[in-house]
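Student: Could we go through this model by question and answer?

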Amino acid sequence: MTWAFLSLRKMQLKQRLSAYQNRLIQISQKIMDMQELAASVADGKITYQEATSGPSSMFGTQLNFLGQSSNIAYQSAQIKTNAYLQQMQAINQATGGQYQYALDPNSMTSYMQNGQIQPFLVFNDIYQEELKAYADQYAQMLNREEQDLEQEKLTLETQIKAIEAEYQAVSEQEDQNIQNDAIKLS
């Protein structure tokens, strides 16, 4: 009669195995989605094509990234641009404009128009750098989350192997008990 209890145990193991395998599939999918998200935000921007071709499970996350990164980069670029321009103005006044001439002309040509530093050009460069810096921080956060998921995936795979081994042992014991309890006709 112990084979009946073994059959119940097999059913429990099968249910647990199924639940673990489903969770493993979910984790694997989330890891792939996160990798695709990390690739799309790597440069600090999300293009229309990246937004529409990305995984639908990450669409809201992409929009959040877009809103946060642009706001943070904008505020930081404003502060840094104002500080830079004020410092350059103070230095130029203190040196009678000589400092501007001491700078490498090639490095300043992207900021200059008609011999004047253009604030919007300075702002744009700083803004681009801030977007990239935010994307780098975001990528680090995604990487940590991915590592946590990989660890959970490894744990699940180990548990699945243990359940499969126990299932095999219970199945063999059940077969043996059925054979032992069978009526033998001679």
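Student: Which residues does Phe65 touch, not counting residues up to four places away in sequence?
Tutor: This is a predicted model, where local features need pLDDT of at least 70, side-chain atom pairs count only at pLDDT 80 or more, and totals for chains, interfaces and linings use all residues. Residues are numbered from 1 along each chain as its sequence is written, and side-chain values use heavy atoms, with hydrogens and water left out. Contact means heavy atoms within 4.5 Å. With that cut-off, Phe65 touches Val41, Gly44, Ile46, Ser70, Tyr134, Ala135 and Tyr138.

Student: Which members of the largest nonpolar core touch the most other members?
Tutor: A nonpolar core is a set of buried (under 20% relative accessible area, 1.4 Å probe, protein chains only) Ala, Val, Leu, Ile, Met, Phe, Trp, Tyr and Cys residues joined through side-chain atoms within 4.5 Å. The largest has 22 residues, and those touching the most other members are Leu37, Val41, Phe65 and Tyr138.

Student: Which helices do the buried residues of α1 pack against?
Tutor: Helices are DSSP runs of H or I, at least four residues, numbered from the N terminus. Among the buried residues of α1 are Leu37 and Val41. The packing partners of the buried α1 residues are α2 (48-53), α3 (59-94) and α6 (119-181).

Student: Is Met141 buried or partly exposed, and what is its relative accessible area?
Tutor: Met141 lies in helix α6. Partly exposed covers the range between buried and exposed, the latter being over 50%. Met141 is partly exposed, because its relative accessible area is 31%.

Notes
Helices (H or I, at least four residues) and strands (E, at least two) are DSSP runs, numbered from the N terminus.
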